[in-house]
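Reader: Please take me through this structure one question at a time. I would like each answer to finish on the value or name I ask for.

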Amino acid sequence: MSRAQDGSARPIGQGQDASARGAQPNAAGQVPLPPGSTLGVFGGGQLGRMFVHAAQRMGYRVHVFSTHHNSPAGQAADAEHVGALTDTRSIASFALGCDAATLEFENVPTESIAIAEQHTPIRPGSHVLHTTQHRVREKTFLKRVGVPVGAFAAVHSLAELRAAAATIGLPAVLKTAQMGYDGKGQLVLRDAGELADAWQTLGPGDGILEAFIPFEREVSVLVARGLDGQTALYGPIENAHAQHILDVSVLPARGLTSATSAAARQIATTVAEGLDAVGLLCVELFVLPDGGLLVNEIAPRPHNSGHLTIEGCQTSQFEQQVRAVCGLPLGSSESLAPAAMANLLGDVWQRGEPRWEAALMAGAHLHLYGKDAPRAGRKMGHLTYLGTTSQAAHDGALAARAALYSDPQEA
């Protein structure tokens, strides 16, 4: 089912012949999609919403495939198509109306994206999802391309879990091989006596046991890759989590040597090239006490840590995604100023309506995602703060968020 932004019914998209409109081939020999083309997004969340904003600003129409009406992305899109991600007829119908499509959510079934690819280019494609949706395949790929990862083992039974724990050692982290995010679908195991209960808790299916990494900090590198193989990178971005949910991100990351930063960017480039990905990826890494790096995971989409690029960089991660999907030249990823992002979870509303006027101090930028039901742990928006240094940006973002809670009697 499709609806226009005003709620009236209309057909899903009209594919266009870009070459007929006078567009010239790019360096890859392909004709870029011109403004006026229709782009599709699989997923209706806030990442899709910000992609819609970037694409529309550049003159593109955007259709969103969401699992429910009035999604954050659907609110902003030219049309919202609602259906099950496993409904292959609905997926095919949606893809037929798009000149190209992308992802804002990696848990779309690979089979569905493969069907969509029969009707329109999907960037990144099903071959990327096939690798990144399954942690064992992902880690195996990373080892194959020479990227550093921690010790891991695939587990399919309690007996295999016990064998893996004996080899890798404890503590270790048991995860489901598929699905899971923000700490869901994983357990830290510290003692052999916990193995049986942990296996029962995670339930039957594919699992992976990963060595527990005593890292110093977490960073991410965003990499956009075009049809011609050109890349543009952001980061490393420093990330801090609270209750397994990203809390604060800072660019440039503090406390990294130039050698560690360069190594992180090279790893991200190797990953994107190894996957032959077109679009946007996020490579999440652990920084070890000696400055070494281990890849934690890959997200084949924009990333929360990259929200700060909207105000903080020449080209945001979302515009870069649009450019890559359309076959356009990538933009500059140069930083305009040190930037920090503080997530706004539903917890912010626990004390009533936040004091927006107090938070919007000079240097602060507010983004809300259009979600109408604030719940503890639910991502409702974010604040970005630009400063003269990374530390100043970090402190400014935290101060702006803290002002949301402040008592006006004490201000």
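Reader: Is Gly396 buried or exposed?

Author: This is a predicted model, in which local features need pLDDT of at least 70 and side-chain atom pairs count only at pLDDT 80 or more, while totals for chains, interfaces and linings use all residues. Residues are numbered from 1 along each chain as its sequence is written, and side-chain values use heavy atoms, with hydrogens and water left out. Buried means under 20% relative accessible area, exposed over 50%, and partly exposed in between, with a 1.4 Å probe and protein chains only. Gly396 has 8% relative accessibility, so this residue counts as buried.

Reader: Which helix holds Gly396, and how many Å lie between the C-alpha atoms of Gly396 and Ala339?

Author: Helices are DSSP runs of H or I with at least four residues, strands are runs of E with at least two, and both are numbered from the N terminus. By that numbering Gly396 sits in helix α13, residues 390-405. In sequence, Gly396 and Ala339 are 57 residues apart; C-alpha to C-alpha, the separation is 9.4 Å.

Reader: What distance separates the centres of domain 2 and domain 3?

Author: The bounds come from an automatic or database domain assignment. They give domain 1 as 38-123, domain 2 as 151-211 and domain 3 as 217-404. Taken over C-alpha atoms, the centres of domain 2 and domain 3 are separated by 29 Å.

Reader: Where is Gln321, and is Gln321 buried or exposed?

Author: Gln321 belongs to helix α11, which covers residues 317-326. Its C-alpha atom is 8.7 Å from that of Arg225, 96 residues away along the chain. The relative accessible area of Gln321 is 2%, and therefore Gln321 is buried.

Reader: Which residue has its backbone oxygen 3.2 Å from a polar atom of the Gln321 side chain?

Author: Contact here means heavy atoms within 4.5 Å. Not counting residues up to four places away in sequence, Gln321 touches Phe51, Thr102, Leu103, Leu280 and Pro302. A polar contact is a pair of N or O atoms within 3.5 Å; within protein, one must be able to donate a hydrogen and the other to accept it, and residues adjacent in sequence count only if both atoms are side-chain atoms. The backbone oxygen 3.2 Å from a polar side-chain atom of Gln321 is that of Leu103.

Reader: At what angle do α1 and α11 pack, and which residues of α11 are met by α1?

Author: Axes are lines fitted to C-alpha atoms, for helices over the stretch in contact, and angles run from 0 to 180 degrees between N-to-C directions. Helix α1, residues 46-57, packs on α11 at about 65 degrees, with the axes 8 Å apart. That makes the two roughly perpendicular, since angles under 35 degrees count as roughly parallel, over 145 as roughly antiparallel, 65 to 115 as roughly perpendicular and the rest as oblique. From α1, Leu47, Met50, Phe51, Ala54, Ala55 and Arg57 meet, in α11, Phe318, Glu319, Gln321 and Val322.

Reader: Which residues of α8 make the contact with α7?

Author: The axes of α7 (residues 158-168) and α8 (residues 195-202) come within 10 Å and cross at roughly 130 degrees. The two helices are therefore oblique to each other. On the α7 side the contact uses Leu158, Leu161, Arg162 and Ala165; on the α8 side, Leu195, Ala196 and Trp199.

Reader: What is omega for the cis peptide bond between Leu251 and Pro252?

Author: Arg123 and Pro124 are joined by a cis peptide bond with omega of about -5 degrees, and Pro124 is in the loop between α4 (110-116) and α5 (126-132). Pro252 lies in the loop between β12 (245-251) and α9 (258-275). For the cis bond joining Leu251 and Pro252, omega is about 0 degrees.

Reader: What is the relative accessible area of His244?

Author: Gln243, in the loop between β11 (231-242) and β12, has a positive phi of about 55 degrees although it is not a glycine. Gln243 counts as exposed, at 71% relative accessibility. His244 lies in the loop between β11 and β12, and its phi is also positive, near 70 degrees. His244 is exposed, because its relative accessible area is 53%.

Reader: How many Å separate the C-alpha atoms of Val62 and Cys326?

Author: Val62 is found in strand β3, residues 61-66, and is buried, with a relative accessible area of 0%. Leaving aside neighbours within four places in sequence, its contacts include Leu39, Phe51 and Ala79. Val62 and Cys326 are 264 residues apart in sequence, and their C-alpha atoms are separated by 12 Å.
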